Amino acid sequence: MPSLVNRKFREWTEGLDTHQGMISVFEHIRDIPYSLEVARHDPVAGPEEMLRIGKGYCGPKHYLLAEMFRKLNLNVVYATIAFSWNDPDLRYPPALRELAVHIPVAHHLACRVQIGCRWALADATWDRPLARAGFPVNEHWDGYADTRWAVKPLRSPVRTAFCRTLTNEPCRTKDEAELLPVDGEKDHWDAEDHARFYRGKVSARTPDDLERIARFYREFDAWLIRVRQETGPLS
């Protein structure tokens, strides 16, 4: 029997050309409800389990996105950035905000896909209803331009201080910003390299960190359910 990934790929791309298929795959994966409930980091089992239970987070979403893009004969790399869950633009309830303040730096996964002679960011993290709570949902992707990052990349404090102090100029010129990854971005050609990178980062967390993260994840998922249950137009 074909895997669930293969069945979904055929369902989402049947009758479409490569570009249309790329957009269809992106939109279907984006609209899988985001959830931290099942933290499955395995690049093979994670996407299958996510499709089976109908929810998942940035890891399995972008493992699946990369796999399906490659089935369309597109070149893909994994893009990882550091970020903070304490994003002031997200409309956290007060108790969740307090938890977010004490969460250590996290690492977000997205993809870059080669389109012509450039690499475009494709970030399918947040499902559409989460726009109500201030999440930067990537709607109406044209399959050419960069999407927005789902989270705010943390810049290198050393580099930022050096640039501002010595030159009073931005760390990256406009041309650099268009051609190069964001400061601190780590790109991976395969899932195994990303998995090793991620394991190295999480291995530094203390037992207290892990306890705080687990509590935040539970409360965050519960809040997302409430956000999706709200009525009214998306923001």
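Mentor: Start with the contact between α1 and α4: on the α1 side are V5, N6, K8, F9 and W12, and they meet L64, E67, M68 and K71 of α4. By type, the residues of this contact are five nonpolar, one polar and three charged. This is a predicted model.

Now take the geometry. Two packed helices are described by the angle between their axes and the distance between the axes. For α1, which covers residues 4-13, and α4, the axes come within 11 Å and cross at roughly 60°. That angle makes α1 oblique to α4. The crossing of α1 past α4 is right-handed.

Helix α4 also packs with α3. Helix α3 spans residues 45-53 and α4 spans residues 58-71; their axes are 8 Å apart and the angle is about 105°. The two helices are therefore roughly perpendicular to each other. In this contact, G46, P47, M50 and L51 come from α3, while P60, K61, Y63 and L64 come from α4. The residues here divide into six nonpolar, one polar and one charged. Note L64 of α4: it is listed in the contact with α3 and also in the contact with α1.

Look next at α3 by itself. Its buried residues are G46, P47, E49, M50 and L51. They pack against α1 and α4. An α-helix has 3.6 residues a turn, so residues three or four places apart point the same way. Keep that in mind when you look at the numbering of the buried positions. Just after α3 comes G54, with a positive phi of about 80°.

To place these helices in the whole, the protein chain has nine helices and four strands. Read from the N terminus, the order of elements is α-α-α-α-β-α-β-β-α-α-β-α-α. The chain has 235 residues, of which 46% count as buried. Among contacts between residues at least 6 apart in sequence, 71% join residues at least 24 apart.

Setting aside neighbours within four places in sequence, F220 is in contact with Y34, L36, W85, Y92, L96, W126 and F135.

W126 leads on to V151. Beyond four places in sequence, V151 is in contact with I81, F83, H108 and W126. V151 lies in the loop between β3 (118-122) and α6 (157-166). It is buried, with a relative accessible area of 11%. V151 and H108 are 43 residues apart along the chain, yet their C-alpha atoms are separated by 7.6 Å.

Y198 and H108 are 90 residues apart in sequence and 9.6 Å apart in space, C-alpha to C-alpha. Y198 is buried as well, with a relative accessible area of 18%. Leaving out residues up to four places away in sequence, Y198 touches H41, H107 and R205.

Technical notes:
Residues are numbered from 1 along each chain as its sequence is written. This is a predicted model: local features need pLDDT of at least 70, side-chain atom pairs count only at pLDDT 80 or more; totals for chains, interfaces and linings use all residues. Side-chain values use heavy atoms; hydrogens and water are left out. Axes are lines fitted to C-alpha atoms, for helices over the stretch in contact, and angles run from 0 to 180 degrees between N-to-C directions. Angles under 35 degrees count as roughly parallel, over 145 as roughly antiparallel, 65 to 115 as roughly perpendicular and the rest as oblique. Contact means heavy atoms within 4.5 Å. Ala, Val, Leu, Ile, Met, Phe, Trp, Tyr, Cys and Pro count as nonpolar, Asp, Glu, Lys and Arg as charged, and the others, Gly among them, as polar. A crossing is left-handed if the near helix is turned anticlockwise from the far one by less than a right angle, and right-handed if clockwise. Buried means under 20% relative accessible area, exposed over 50%, partly exposed in between (1.4 Å probe, protein chains only).
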